[in-house]
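Reader: Hi there! Please walk me through this one, starting with how the pieces get their labels.

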Amino acid sequence: PRLWERDQEEARQSLEDLRKLTRGAMAEMRALLVELRPLTLTDTELGDLLHLLGNAFTGRTNIPAEVTVIGEGVLPAYVQVAIYRICQEALNNVAKHAGANTVEIHLEHEESGINLCIRDDGHGFILGQTISGHYGLSMMHERAQAVGAHLMITSQPGQGTELNLRWTENETKETI
């Protein structure tokens, strides 16, 4: 109230900041609730889970994450959990290392599988020159391989990073 009396424009900006923080906290809380109820990862449509991850990411980092979902479909539970975890790790990597201003998550359901693309406009990096002790990229590759998905990561310094994951039903194998 005192700020409002002194400078209404600054008070409006503070209210807008508070609104963003509140939305971010709510999105993060929803994502945490999903983590506490493992069946939610398999009972909820993958597109909805990716929207939750994107909203939580934006709330935590203040980096806009645009999520696009084309089509819908049901995936085997173990595949869905693996894809969710890969997306989660990719967003963690963006938050920690990329210095990005925006992130795009694009999921497309096809008749026999899915394509997932996660793109950021951050610093990028030279593939193969990752820091020792950082296992995010190798964990994503292992998760993809375990469910028979193809994962390709492309990046160049100054040009951001793009993760492409393709899973098709006839290539899968349950090894988890």
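Author: Happy to! Helices (H or I, at least four residues) and strands (E, at least two) are DSSP runs, numbered from the N terminus. By that labelling, Asn93 sits in helix H5. This is a predicted model, where local features need pLDDT of at least 70, side-chain atom pairs count only at pLDDT 80 or more, and totals for chains, interfaces and linings use all residues. Residues are numbered from 1 along each chain as its sequence is written, and side-chain values use heavy atoms, leaving out hydrogens and water.

Reader: Thanks! Is Asn93 buried or exposed?

Author: Asn93 counts as buried because its relative accessibility is 17%. The cut-offs are under 20% relative accessible area for buried, over 50% for exposed and partly exposed in between, with a 1.4 Å probe and protein chains only.

Reader: And what does Asn93 touch?

Author: Leaving aside residues up to four places away in sequence, Asn93 touches Ala98, Gly136, Leu137 and Met140. Contact here means heavy atoms within 4.5 Å. Gly136, Leu137 and Met140 are among the H6 residues that meet H5.

Reader: Nice, so how do H5 and H6 pack?

Author: Helix H5 (residues 77-98) packs on helix H6 (residues 136-146) at an angle of about 165 degrees, and their axes are 9 Å apart. That makes the two helices, H5 and H6, roughly antiparallel. The labels are roughly parallel under 35 degrees, roughly antiparallel over 145, roughly perpendicular from 65 to 115, and oblique for the rest. Axes are lines fitted to C-alpha atoms, for helices over the stretch in contact, with angles from 0 to 180 degrees between N-to-C directions.

Reader: Which residues of H5 take part in that contact?

Author: On the H5 side they are Ala82, Arg85, Ile86, Glu89, Ala90 and Asn93. By class, the H5 and H6 contact has 7 nonpolar, 2 polar and 3 charged residues. Ala, Val, Leu, Ile, Met, Phe, Trp, Tyr, Cys and Pro count as nonpolar, Asp, Glu, Lys and Arg as charged, and the others, Gly among them, as polar.

Reader: Switching to the strands: what is the order in the sheet?

Author: The open sheet has 5 strands in the order S1-S2-S3-S5-S4, with mixed pairing. Its edge strands are S1 (65-70) and S4 (150-155), each pairing on one side only. Strands pair if DSSP finds at least two bridges between them.

Reader: How is S3 joined to S2 and S5?

Author: S3 (residues 113-120) pairs with S2 (residues 103-110) in the antiparallel sense over 8 bridges, and 2 residues lie between S2 and S3 in their hairpin. S3 also runs antiparallel to S5 (residues 161-168), with 8 bridges. For bridge partners, Glu104 goes with Arg119, and Ile114 with Trp167.

Reader: What about S1 and S2?

Author: S1 and S2 run parallel, joined by 6 bridges. Thr68 stands opposite His106 in S2, and the bridge partner of His106 in S3 is Cys117.

Reader: Last one: which residues of S2 are on the covered face?

Author: Val103, Ile105, Leu107 and His109 make up the covered face of S2, while Glu104, His106, Glu108 and Glu110 are on the uncovered one. In a regular strand, side chains alternate between the two faces of the sheet. In S3, 6 of the 8 residues are buried. H5 lies across S2, S3 and S5, at about 5 degrees to S3, and helix H4 (residues 46-61) lies across S1, S2 and S3.
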